[in-house]
Amino acid sequence: MRHPWDSQNFRIGAKNAGRSNQVIDRAIAAARRIKKKNRDLPVIFSIAHLAHLTDVNVETVLSFVDRTDDHYRIFRVKKRATPGNIAPTRRYRTICVPSPALKRVQRWVAQNILNLVEPHEASHAFAPHSDLVEAANKHLGCSWLVKLDIVSFFETISERQVYYIFRSLGYAALLSFQLARICTRTLRLTPKGRAGSDGRLPHESYMVGHLPQGAPTSPMLANLVARHLDEELAALAFSRGWTYTRYADDLTFSIDGKSSRGDAAEIMALATQALVRQGFASNKLKSKIIPPGARKLVLGIIVDTDQAKLSKKFRNNLETHLYALTSDKIGVRLHMQSRGFDSIVGMRKHIAGLLAFAHHVDEKYAAKLYGQFNNINWLT
């Protein structure tokens with residue numbers, strides 16, 4: 001959503017509201033700093049102004065900043081096993097679901113601020129109109145492939161880095177600090193009962209916050225913080241005739257001409273060093289060099305030839321779902337139980353998502369399966 005701004009209309013309205021010329025001039029100067037960065041961004045003067053724009057009580061918004069309570073519901077999702085790990089430990093992804101009020105504010109910030117800022121062109125996740133298949137297509141027909149994965153992508157990004165994103169967009173220092181607090185979560189809360197001179201809790205914390213996975217603001221903030229990383233890695237790839245893309249925490253380099261394992265190893269080493277410089281770390285268990293002749297998968301899509309293809313594993317999984325759901329011997333309920341789904345609705349949405357992805361990659365293949373999907377009796 002774009003946010004037009006007219007300083008003359010603002011001045012007239014502020015005058016009619018009884019504001020002094022000094023206050024009006026300062027407000028217009030603040031608005032111009034924001035619009036100079038991006039004319040589509042909304043003008044926000046204070047945390048009270050943000051509360052008004054999001055239609056959330058200002059004291060509630062301030063409680064997100066003060067962090068005297070944890071406004072997230074936390075649960076864990078088991079990660080997939082990492083190939084090659086001889087003695088794997090139980091590894092989980094921590095999901096942080098914000099409270100309804102916090103989610104409302106974060107969603108407003110994501111839609112009205114963050115989604116209006118373009119990430120680096122090598123980034124293909126989270127932003128409006130971003131496309132997983134488009135990211136994979138950048139590597140079609142490659143001869144060599146180098147893949148890296150960032151460890152704890154969201155959790156690595158700090159409140160300080162988020163603060164600088166909002167400052168870079170022209171917002172005032174205090175408001176940028178408050179926005180950073182709203183968009184991050186800390187493991188240690190501010191103690192209650194320590195009032196400032198005005199009787200309110202100070203903006204105090206003993207542990208810097210990080211991006212919580214599950215907040216509406218985290219994906220685009222991660223993209224914007226990683227922009228410097230994308231710039232460095234894109235320059236590295238270009239200087240050596242390679243192609244670079246990032247989809248969230250998945251980094252991919254490829255070349256469609258002649259190269260060598262030594263060149264690929266050097267790309268991997270230099271990219272790993274760049275990650276460290278930018279405050280990230282590479283997951284060594286997921287770092288791969290894929291040479292000519294080997295199957296090449298990017299984001300689950302086969303990119304060996306000049307046309308993207310679905311992997312055999314993906315097709316077998318989808319076809320097994322549809323076979324079981326249309327079988328008189330198995331049916332919907334037995335399949336739901338055997339696959340561990342919590343509900344028929346959840347299973348249906350999951351399979352519909354797989355079909356949508358298949359259609360995006362291979363329309364002819366998906367068209368055949370949609371007929372089976374549409375004939376499923378979901379009441380059996």
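Tutor: Let's begin at Ile302, which stands opposite Lys309 in strand 9. Ile302 lies in strand 8, which covers residues 301-302. Strand 8 and strand 9 pair in the antiparallel sense over two bridges; pairing of two strands here requires that DSSP finds at least two bridges between them. The strands are DSSP runs of type E with at least two residues, helices are runs of H or I with at least four, and both are numbered from the N terminus.

Before we go further, please keep in mind that this is a predicted model, in which local features need pLDDT of at least 70, side-chain atom pairs count only at pLDDT 80 or more, and totals for chains, interfaces and linings use all residues. Residues are numbered from 1 along each chain as its sequence is written, and side-chain values use heavy atoms, with hydrogens and water left out.

Now step back to the whole sheet: three strands form an open sheet in the order 7-8-9, with antiparallel pairing. Strand 7 (297-298) and strand 9 (309-310) stand at the edges with a single partner strand each, so one side of each has no neighbour in the sheet. Strands of a sheet pair through backbone hydrogen bonds, either parallel or antiparallel.

Another antiparallel pair can be found in strand 4 (residues 243-247) and strand 5 (residues 250-255), joined by five bridges. Arg246 has Leu251 in strand 5 as its bridge partner. Strand 4 and strand 5 make a hairpin with two residues between them, and Ala248 in the turn has a positive phi of about 60°.

Follow the chain on to helix 13, where you will find Asn317. Asn317 is partly exposed at 28% relative accessibility; buried means under 20% relative accessible area, exposed over 50%, and partly exposed in between, with a 1.4 Å probe and protein chains only. Leu354 is 37 residues away from Asn317 along the chain, and their C-alpha atoms are separated by 9.4 Å. The loop between helix 13 (312-326) and helix 14 (331-339) holds Ile330, which is partly exposed with a relative accessible area of 33%.

Next, look at the aromatic rings. Rings of Phe, Tyr and Trp (its six-membered ring) pair if their centres lie within 6.5 Å; planes under 30 degrees apart count as stacked, over 60 as edge-to-face and the rest as tilted. The count comes to 10 aromatic pairs. One of them joins Trp5 and Phe10, a tilted pair at 5.0 Å centre to centre with 40° between the planes. Trp5 is partly exposed at 28%, and Phe10 is partly exposed at 23%. Phe373 and Trp378 have ring centres 5.7 Å apart and planes at 70°, so this pair is edge-to-face. Phe373 is buried, with a relative accessible area of 11%, and Trp378 is buried at 11% too. Elsewhere, Phe126, Phe153, Phe154 and Phe280 form one aromatic cluster.

Last, the cysteines. A search of the whole structure finds zero disulfides, a disulfide being a pair of cysteine sulfur atoms within 2.5 Å. For Cys183, the nearest cysteine sulfur is that of Cys96, 14 Å away. Cys183 is buried, with a relative accessible area of 0%, and Cys142 is buried at 5%.
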